[in-house]
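The tour below moves from one selection to the next.

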Amino acid sequence: MNLEKYGIYNFHQDEAGFVYAYTNGSWEGNGTAAACAGLGVYFGEGHALNAIPSFFIDSTKWLPGCKRNAWKLSTGEPVKHQFDLEELDRELADKSIEIKWNHVDAHCGILGNERADALAR
């Protein structure tokens, strides 16, 4: 694992140059009136960007349907965060950017995943 600087931030990269970023979500009280959801992103111990929440990884699954349905939900309501999703779509369409998504099992002792889970809560 290499440490590379981008702008003012350092990021851990694998041998192919992909940045390590762990994400996790939490939904405390699911199914109750007091339910509360959170997201966490973890780049490494003490990293300045660790606490910035993100819904972008899951959003990649929603993009095709959002565009196909003219940014409307099945209820006819507008998609929330349309501006952000359109920006994400433009970034993903940029062929100079390569993204490698990897799923890891939750709560299996992978430090980055455990830290992202803690940030989500």
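**First stop: a salt bridge across the chain**

Select E45: it is exposed, with a relative accessible area of 56%. Buried means under 20% relative accessible area, exposed means over 50%, and partly exposed is in between, using a 1.4 Å probe and protein chains only.

A word on the ground rules. This is a predicted model, where local features need pLDDT of at least 70, side-chain atom pairs count only at pLDDT 80 or more, and totals for chains, interfaces and linings use all residues. Residues are numbered from 1 along each chain as its sequence is written, and side-chain values use heavy atoms, with hydrogens and water left out.

R115 forms a salt bridge with E45, and the closest N and O atoms are 2.8 Å apart. R115 lies in helix α3 (residues 111-120) and E45 in the loop between β4 (36-42) and α1 (56-68), so the pair ties together parts 70 residues apart in sequence. R115 is partly exposed, at a relative accessible area of 35%. The term salt bridge here means a side-chain nitrogen of Lys or Arg within 4 Å of a carboxyl oxygen of Asp or Glu.

How many salt bridges does a search of the whole structure find? The search finds two. For the other, select K67 and D89, whose side chains meet at 3.1 Å, N to O. K67 lies in helix α1 and D89 in helix α2 (residues 82-93), so this pair ties together parts 22 residues apart in sequence. K67 is partly exposed, with a relative accessible area of 42%. D89 is partly exposed too, at 22% relative accessibility.

**Zoom out: the whole chain**

Switch to a cartoon view. The protein chain has three helices and four strands. From the N terminus on, the order is β-β-β-β-α-α-α. Helices (H or I, at least four residues) and strands (E, at least two) are DSSP runs, numbered from the N terminus.

The C-alpha atoms fill a box of roughly 45 × 40 × 25 Å along the principal axes. Buried residues make up 23% of the 121 residues.

**Strands β1 and β2**

Select residues 2-6 and 9-13. These are strands β1 and β2, which run antiparallel and are joined by five bridges. Two strands pair if DSSP finds at least two bridges between them. Check the partners: K5 bridges to N10 in β2, and Y6 bridges to Y9. Two residues sit between the strands of this hairpin, and there G7 takes a positive phi near 60°.

**The nonpolar core**

Which residues make up the largest nonpolar core? Select L63, C66, W71, V79, L85 and L88, six residues in all. Helices α1 and α2 are the elements that give two or more residues to this core. A nonpolar core is a set of buried Ala, Val, Leu, Ile, Met, Phe, Trp, Tyr and Cys residues joined through side-chain atoms within 4.5 Å. In soluble globular proteins, nonpolar side chains tend to be buried together.

Center on V79. Leaving aside neighbours within four places in sequence, V79 is in contact with C66, W71, K72, L73 and L85. Contact means heavy atoms within 4.5 Å.

**The buried face of α3**

Return to α3 and select G112, N113, A116, D117 and A120, which are buried. Look down the axis of α3: its buried residues fall within an arc of 140°, so they line one face of the helix. That arc is taken from the directions from the helix axis to the C-beta atoms. What covers these buried residues includes β3 (22-28) and β4.

Stay on N113, which is buried at a relative accessible area of 5%. Not counting residues up to four places away in sequence, N113 touches Y22, T23, N24, V104, D105, A106 and H107.

**Last stop: T75**

Is T75 buried or exposed? T75 is exposed, with a relative accessible area of 61%. T75 lies in the loop between α1 and α2. Finish with a distance: T75 and E28 are 47 residues apart in sequence and 26 Å apart in space, C-alpha to C-alpha.
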